[in-house]
Structure formats: structure tokens, C-alpha cells
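Work through each task before reading its solution.

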Amino acid sequence: MKLVLLLLTIVPCFVIAQTVTTANDGFVITGNIKGLPEKSIVYMAGASEADTIAKAIATGGSFTLKGKLNDADGRTLVFPELQRKMFLFINNGDRMNITSSGTDFNDVTVTGSASHADFEEFIFEIRPLEDFVEYYRTQ
């Protein structure tokens, strides 16, 4: 009986320890952008574009960024050679995958982050409100 009680108290501690370790591992972003120039730089900017959180060099249109954040927040993914930027909502523990069939980013898809999915849903919900306000501004 004591052994069962001991196991019931120790096992949850191991489970919690594994969860905490995963969240502290940082993030990983893999991307495949068709037409991304060879050896072009891709970086994630912090509060300003001068503050680099993670940086990678593209090979064959693919790149991988790894880093660690202090908290979940919106960050900018910058593609200097394409003169393009992309806003991502990201947190430690996220394993994001970004794909696009061209450098215009018309069909870009972002998967692997629950926080970014929530952000995209929020933007989808408020976009009609923005259009409504713009309509009445031009009247």
C-alpha cells in the first residue's frame, strides 16, 4: 500500500518535469519557400529589426531557425533578399513549418504553433470590422 501511494506521488512529478523541459527547449522554425535565393539570409527580429533572435542561411529554398524566447510574443521573420517580412506569433516549444510556392507569399502556410493559429483566427475575426470602419471613413 505504501509503495502504491509512493508511486502515485512520484509519477506526476516526472510527468511535470518532462513538460517543463519541453517548454524550455526553445522553438524551431523550418521553412521551404520556392524561389528563395541560394545562400540568402533569413532571420527572426525581436523588438526592432536590429535585434536578431535567430538567423539562418537558406539552401535550396529551405531554412531552419532555432532559438529561445523569454515569452510568447509576436515576432517578425525577415527575408532581406526578397524584401519581405512575415509576422509570426510564437512561443518556446513551438515547432513551426512555413511553406510557400513562391516568393510573393500569396499562398504561405504556417503550421505547428497553437499560439499562431489563435492569432490567425483573431485576425480573421476582426478583419470585417476593419473593412467596415474603412468604408465609413471614405464616406
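Buried means under 20% relative accessible area, exposed over 50%, and partly exposed in between, with a 1.4 Å probe and protein chains only. At 11% relative accessibility, F105 therefore counts as buried. The model is predicted: local features need pLDDT of at least 70, side-chain atom pairs count only at pLDDT 80 or more, and totals for chains, interfaces and linings use all residues. Residues are numbered from 1 along each chain as its sequence is written, and side-chain values use heavy atoms, without hydrogens and water.

**Exercise 1.** Classify the ring pair of F63 and F79.

Step 1. Rings of Phe, Tyr and Trp (its six-membered ring) pair if their centres lie within 6.5 Å; planes under 30 degrees apart count as stacked, over 60 as edge-to-face and the rest as tilted. The structure holds 4 aromatic pairs.

Step 2. For F63 and F79 the centres are 5.8 Å apart and the planes stand at 75°, so this pair is edge-to-face.

Step 3. Strands are DSSP runs (E, at least two residues), numbered from the N terminus. Because F63 sits in strand 4 (residues 62-67) and F79 in strand 5 (residues 73-79), the pair ties together parts 16 residues apart in sequence.

Note on methods:
Helix = DSSP H or I, 4+ residues; strand = E, 2+ residues; numbered from the N terminus.
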